[in-house]
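Thanks, everyone. Please have the sequence and the model open while I talk.

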Amino acid sequence: MIQLFNVTKQYGQNAALADINLRIRQGEFVFVTGPSGAGKSTLLRVVFGALKPTSGQVLVGGINLARISRYKLDIMRRKIGFVFQDFKLLDGKTVFQNVAVALQVTGERASIIRKKTHQTLRAVGLSQKEGYYPPELSGGEQQRIAIARAIINDPIILLADEPTGSLDPDITREIMLLFRTINLRGTTLVLATHSRELLSNTSQRTVYLKNGGIEREMEPQ
Amino acid sequence: MFFGFWIQALRRALSNILDQRLIHFISTGTITISFLFFGAFILVWVNINAWLLEMGQSLSMSVYLEDGIGEEERLRVEEALEGLSGAEVTDYISKDKAMEELREAFGPQAALLDGLERNPLPASFELVFKEVDVKDTDPEMIKARLESLPDVEEVQYSEQWIDRFEGILNFLRTAGVVVGGLLCLAVLFIITNTIKLTIYARRDEMEIFKLVGATDWFVKAPFLIEGALQGLMGGALALGFLFGLTTMFSLQPLVTYAIPFIDIVFLPVWAVLGLGALSVFLGLVGGLIAVGRFFNPVVG
């Protein structure tokens, strides 16, 4: 599903990613970890097509990101969900509007947008809070909105960059349960985190990054 | 799908305008004033041009008679004038009538004329050469010929006025192009900057749109519509004001302003459509410049 061949991302003299070779299969749940500055976020952004590697090739679903137009990349992103540590929600829009936006950009009909948004908010446990504004909700609830927005288009890949970084342990467990459910439905999940606690509770495949390179990998047990 | 896209873009553009209503109000006001100036130039030019065209279709002359001539001499002059090819005597203004007209023109100051011992104004014939191409006729020759007639004192003709007005018209045309060009640049600058502010205000939203797979056009379209709407609103308001002003001036007889011959008309259809199209075009270009310059850094 995701293939990186000798991917390097250079910022001046510093290499955020250094000669990365990685293959993630369809339906896998992979953790990417490492200390700050190891290249976790850069790796996710390269897979998302938001950053162009300095050298090397990135293939997502068999498509070489270097060889597709900006328009096709936009269309492809509808099938790649992205969740951030800071949620990236619009405070001036309701929970419903924040989630519906991902369908609006596809030109979907209003009746379908309404129906799917209700369904997705129910799936993440926010059906009672559709009319609320993000600042009125807890951090965990805000992250659920972001997850709902990322999964409403039934993505084939979900990328999550430190999604529990600002959440307390109980909420983190809830959010991780939600990710597992999404993964069980067949979505390939790549989650970047530096939380040792999160990793100690998992048996998933884990890729350890250090100084932009893959230091080691731990296969699922 | 296609219509759905543009309807949604229009909805977002209107929402942008409402959210930034103060900025839009100020910039639409400024655009209106700019177009008002431009439109006023065209209006004056169109009116003078129409008047000149009307005047140009016929050459009119005032033939002033010598003082103290009798009825017989007057009829002889009239006969001679009627005998000229293409000429038609449209009016005879006697000395008394000329004085009466002067009194009317003086209005409250007419009492000044009471001091005159005798009427110094000459009687005159108003002569029109119908369907005469002014450019191919030498009015000086006709003037000289008429002045050689017995009992004719002096001849004045309309082209002396036309020459003067053509000069004004040429000046207005040049000034209109220069002022119009500068005003268009100003409008472009205003629209570009207003949309730049909207783009900055919508940075987060644009980032999220791109994040969930919006195409560039999906993100840009509302800003282009916003520019076009703003230009259109400015243009329409300016035309509305101009129409109001024209109607106001048309209702009030312009004799008061000592220009009795101009019947003010509003802009012709081509000018209204042209100004409307120009306002939309400038709005679109302003929108394009704004998204071209500020879109990429926002989306990153």
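This is a predicted model: local features need pLDDT of at least 70, side-chain atom pairs count only at pLDDT 80 or more; totals for chains, interfaces and linings use all residues.

Start with the open sheet in chain A. Four strands make it up, in the order 2-1-4-5, and the pairing is antiparallel. Which strands stand at the edges? Strand 2, residues 14-24, and strand 5, residues 63-64, of chain A do. Each has a single partner strand, so one side of each is left without a neighbour in the sheet. Look next at strand 1 of chain A, residues 2-11. Seven bridges pair strand 1 with strand 2 of chain A in the antiparallel sense.

Helix 1 of chain A, residues 40-48, lies across strand 1, strand 2 and strand 4 of chain A. Helix 1 runs at about 60° to strand 2 of chain A.

Move along to strand 6 of chain A, residues 80-83. As a general point, side chains in a regular strand alternate between the two faces of the sheet. Here Ile80(A) and Phe82(A) point one way, Gly81(A) and Val83(A) the other. Are these residues buried or exposed? All of them are buried. Strand 6 of chain A runs parallel to strand 7 of chain A, residues 157-161, and four bridges join them. Gly81(A) has Leu158(A) as its bridge partner in strand 7 of chain A.

Next, a helix pair. Helix 3, residues 95-104, and helix 5, residues 139-151, of chain A pack with their axes 7 Å apart. The angle is about 25°. Angles under 35 degrees count as roughly parallel, and therefore helix 3 and helix 5 of chain A are roughly parallel to each other. Their crossing is right-handed. From helix 3 of chain A, the contact is made by Val95(A), Asn98(A), Val99(A), Val101(A) and Ala102(A). From helix 5 of chain A come Ile145(A), Ala148(A) and Arg149(A).

One loop residue deserves a stop. Tyr132(A) is in the loop between helix 4 and helix 5 of chain A. Why does Tyr132(A) count as partly exposed? Because it has 15 C-beta neighbours inside 10 Å, and buried would take 20 or more, exposed 12 or fewer. Leaving out residues up to four places away in sequence, Tyr132(A) touches Thr94(A), Val95(A) and Leu137(A).

On to the contact between the chains. Chain A gives 15 residues and chain B gives 15 residues. On the chain A side, the elements giving two or more residues are helix 2, residues 70-77, and helix 3. Helix 2 of chain A supplies the largest share of that side, five residues.

Last, chain B. Strand 1 of chain B, residues 59-65, has a covered face of Leu59(B), Met61(B), Val63(B) and Leu65(B). Ser60(B), Ser62(B) and Tyr64(B) are on its uncovered face. Strand 1 of chain B pairs antiparallel with strand 3 of chain B, residues 124-129, over six bridges. Met61(B) stands opposite Leu127(B) there. Strand 1 of chain B also runs antiparallel to strand 4 of chain B, residues 152-157, with five bridges. In that pair, Ser62(B) stands opposite Gln156(B).

Finish on helix 4 of chain B, residues 95-106. At 1.5 Å a residue, its 12 residues should span 16 Å, and its end C-alpha atoms are 16 Å apart, which agrees. Just after helix 4 of chain B, Gly107(B) takes a positive phi of about 60°.

Methods: Residues are numbered from 1 along each chain as its sequence is written. Chains are lettered from A and ligands numbered from 1 in the order in which they are written. Two strands pair if DSSP finds at least two bridges between them. The expected span of a helix is 1.5 Å times one less than its number of residues. Axes are lines fitted to C-alpha atoms, for helices over the stretch in contact, and angles run from 0 to 180 degrees between N-to-C directions. Angles under 35 degrees count as roughly parallel, over 145 as roughly antiparallel, 65 to 115 as roughly perpendicular and the rest as oblique. A crossing is left-handed if the near helix is turned anticlockwise from the far one by less than a right angle, and right-handed if clockwise. Two residues are in contact if their C-beta atoms, placed from the backbone, lie within 7 Å.
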